[in-house]
Number of protein chains: 2
Amino acid sequence: MDKLKRYEDWKFRMSAYDMALSIINIDKMTVAPAAGASYRDPRTAYLAGESFAIMTDPDMIPVLDAIVDDPEVDEDTRKEAATYAREIRKIQAVPKEEYVAFEEATNASYDAWLEAKNASDYSIFEPHLREMVERRRKLIEYRESTLPVYDQLLDDYEPGTSIEFYDQFFEVLKERLVPLIHRVVQAEPIEDSFLYQSFPVNEQKAWTTEVLLPYLGFAPSWGYQNETEHPFTSWTCENDCRTTTKYLEDNVISSIFSTIHEVGHAWYEHNIDPRYDGAILSTGVSSGMHESQSRFCENYLGRSLPFWQANYPSLQACFPSQLAGIPIEQFVQAVNSSRPSLIRTEADELTYPLHILIRYELEKGLFDGSIPFEQLESAWNELYERYLGVIVPNSRSGILQDVHWSDASFGYFPTYALGSAFAAQFYHQMRSDLDVDVALQEGRYTDCIDWLKTHVQQYGARYQADEIMKMATGEPFRPEYYLDYLEEKYSSLYHL
Amino acid sequence: MDKLKRYEDWKFRMSAYDMALSIINIDKMTVAPAAGASYRDPRTAYLAGESFAIMTDPDMIPVLDAIVDDPEVDEDTRKEAATYAREIRKIQAVPKEEYVAFEEATNASYDAWLEAKNASDYSIFEPHLREMVERRRKLIEYRESTLPVYDQLLDDYEPGTSIEFYDQFFEVLKERLVPLIHRVVQAEPIEDSFLYQSFPVNEQKAWTTEVLLPYLGFAPSWGYQNETEHPFTSWTCENDCRTTTKYLEDNVISSIFSTIHEVGHAWYEHNIDPRYDGAILSTGVSSGMHESQSRFCENYLGRSLPFWQANYPSLQACFPSQLAGIPIEQFVQAVNSSRPSLIRTEADELTYPLHILIRYELEKGLFDGSIPFEQLESAWNELYERYLGVIVPNSRSGILQDVHWSDASFGYFPTYALGSAFAAQFYHQMRSDLDVDVALQEGRYTDCIDWLKTHVQQYGARYQADEIMKMATGEPFRPEYYLDYLEEKYSSLYHL
């Protein structure tokens, strides 16, 4: 069984670099002094290159193939080796120097994006965006596939998807959501201005640390929450999951829902069977599936009345002058109110998919050449006006709001909408298996997490998203669950 | 000049691993979830092994020697290469697996020390301490030197020192300090109980962040302060220096002086000429010299009246109910009061060297076998009673208080006392070059730092400690400056 020993050693070495890169990255995003970046970044890129060199070691392909073909080897290991082989074939033709240069350019691009966002000046970021698109395209073109680059990117984040798939998906969404949003806009607005008073950040932090995180089950032994401009989650293993959030003084719910969202991602990674730790199956199976878990927690659980029956009294006690006169029903209505807006991460559940649709159309246009870089910002602004009826006042609240393009994560955005739709189907099933409302009311939030663990999370990337969907809900993915849910929820909320 | 290209490439690769290890370490010490350690630690040790393998690459010794011998190469580079060659010769005979095993054992030992300290139970830590001593001894014994192991350890941290050197140094100290401390103990005590009221930690943090760190010139662009059980400083390059502190609710000065101390270390690393960045000369030349800078800041600057003339009003304003009635003179007397005590990091300037003497004698005994492990704790307690007249009530306040032994830093402690003595000689010189008091009063703390930069810090490890001392003060190191300073200061303070 010499091949298995080689395989284990190879995985271990790669996982050491991946761990280092993950820690260096979260350090950079949270606390690392900015002026040190010019020293750290080239060294980080070098280490990424070492990981890449191990991953693409040509001697390993025959070892992986031998493991896949060996009926004596257990099924999990064969699946894992096959997954490695598939991913390696995507990158093995890329010269290491080019990969390292890509990593370096990504670091520079992130720094430029941050600077551009702070200055609200797209022109600072534009050359980097151009470079990111070109470099990403070039990396993809090393593959044998003849599919359009953007199709391949979509498939990378969500195996099995394509432009055709998402065109259809968004068509179905548009058809039912655009008229629904139109009716909501015409309806009597929900009063929610009390959410946007002054809520001192220190007290928000204290409530999050002392009440919310414990309620969510996010234990310090395996998780840590920090603060960043753009909240995210990263991890090195099941017992090391980091989230970030951002506190806004004039918006008490922003950090709360970003916390619930990111901790949802963290739960997914924490709940993956530890036997996959340190290897390629030890991660959410796809970006859409990951987002399904985080948006499930944020919206399906976190915006529900039972969730707040457990948590609203302590929030009120923390902010008596702001919330004492607001009954829980009014608070819950307010956190669900819908209003076309500028910022994706602050968007309500109903208009959110249109923010995604806009990014999808822009990315498609960037990659098929129909939208030139110099027209990207005006295209962005135009789509916001067309789909959401809002005027973008500046780059910071427009094209520069998201981090994703700065690190070349093209093709990621659509998975947010897909994940939301996956979540609806899980929610439908969970409610028939479990009294979700009582669990939330009684502080047993983790009962819901346990359902997700059993039916989705434990598998990591052992099964495909569509296999997991079928095992968990007994049928293939159907966006109708999502649309039914939104229609029912918002019709009732706005008395349509 | 092919050899210089190989040399640059070799240094770059090593520096990438060292950067990663530094970040992984500070991450572990500050925020990394504890349960992830069993995943992270073996991978960290693997990466340390990769760095070790590059460092000890046998092909490099001839390259280094060729650079050292080449008169065409600039002096700095030749000195740097010679320093590498000297350090490599210390470790090149160590098998890589043994080095990696040492790193792994160190991680486990740190975790055990933390657990033992929290439980105040030395028996949890004892087997690890035993292992650390044995492993450290074995690593040293691979060298060609025939000197006793502890002599070599002392020389590692402070080149040129030995048991003989420190025996003499501590003898001189004991001779003058023990009677001085005795007289202080007999004198009228200084009232300082007001320092140990309740000072809410959040307000301490706010004052440190908004007043103290800016006064010290510790800028967010190149530095970051976090919190840990045991304060320390680490760095990856001139523009990435991290410090930690620890806030105690019932002791307002603990975090203040630990902050000034650690930022003193950070300034040293920040001020090293950036042309040494990423290589072996880019660090303080010795542990004693490092401690001289940090203890200079903490004691010679931080405990002075002019320092507090700039900072006391804002501290009073931050804690009006605790400090409003305390005049500045009384406050400064209190932060300098001397009283034999249990905890080294909380000790006053006068009794501090005896805490170090105790550790020095114990380490010497551990390595020459005169103190068996099972008697170490009683030896510790006995020495505290003999030299300081205090009874150690538990392991947490005794043998488990310091982190150093958990990571096998044997031989480090004596450099604290030596550094304090170096600092006195620098202080004597600085006062004749610069009006220190006016600078501190007027908020120009960094004028003092600039003096240290010019005379000490910029050189990194380019010159030996004794060369730096001579260049900066015009004479070799003389402990009398230190003893004179302490005698004068405490005689005046206690009206002896």
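Me: How many residue pairs are in polar contact between chain B and chain A?

Reply: This is a predicted model, and in it the count between chain B and chain A is 13 residue pairs in polar contact, both residues of each pair being at pLDDT 80 or more. The elements of chain B that each supply at least two residues to the side touching chain A are α1 (2–30), α2 (37–55), β1 (223–227), β2 (233–237) and β3 (240–245), and the largest share, ten residues, comes from α1(B). By class, that side of chain B has 21 nonpolar, eight polar and eight charged residues.

Me: How many salt bridges are there between chain B and chain A?

Reply: A salt bridge pairs a side-chain nitrogen of Lys or Arg with a carboxyl oxygen of Asp or Glu within 4 Å. The count between chain B and chain A is four, and one to look for joins the side chains of B:Asp27 and A:Arg242, with 2.7 Å from N to O.

Me: What area is buried between chain B and chain A?

Reply: The size of an interface is often given as the accessible area lost when the parts come together. Here chain B and chain A bury about 3100 Å² between them, and carbon and sulfur atoms give 70% of that area. On the side of chain B, the residues that lose the most area to chain A are B:Pro33, B:Tyr39 and B:Tyr46, which together make up 19% of what that side buries.

Me: Into which domains is chain A divided?

Reply: Chain A is divided into domain 1 (3–146) and domain 2 (163–493), and their centres, taken over C-alpha atoms, are separated by 27 Å. The contact takes 36 residues from domain 1 and 39 residues from domain 2.

Me: How many salt bridges lie across the interface of domain 1 and domain 2 of chain A?

Reply: There are four salt bridges across that interface, and the side chains of A:Glu374 and A:Arg130 also meet in a salt bridge, at 3.3 Å from N to O.

Note on methods: Residues numbered from 1 in each chain as written. Chains lettered and ligands numbered in written order. Heavy atoms only, no water. Buried area = accessible area lost by both parts, 1.4 Å probe. Polar contact = N/O pair within 3.5 Å; in protein donor to acceptor, adjacent residues only side chain to side chain. Helix = DSSP H or I, 4+ residues; strand = E, 2+ residues; numbered from the N terminus. Nonpolar A, V, L, I, M, F, W, Y, C, P; charged D, E, K, R; others polar. Domains from an automatic or database assignment. Contact = heavy atoms within 4.5 Å.
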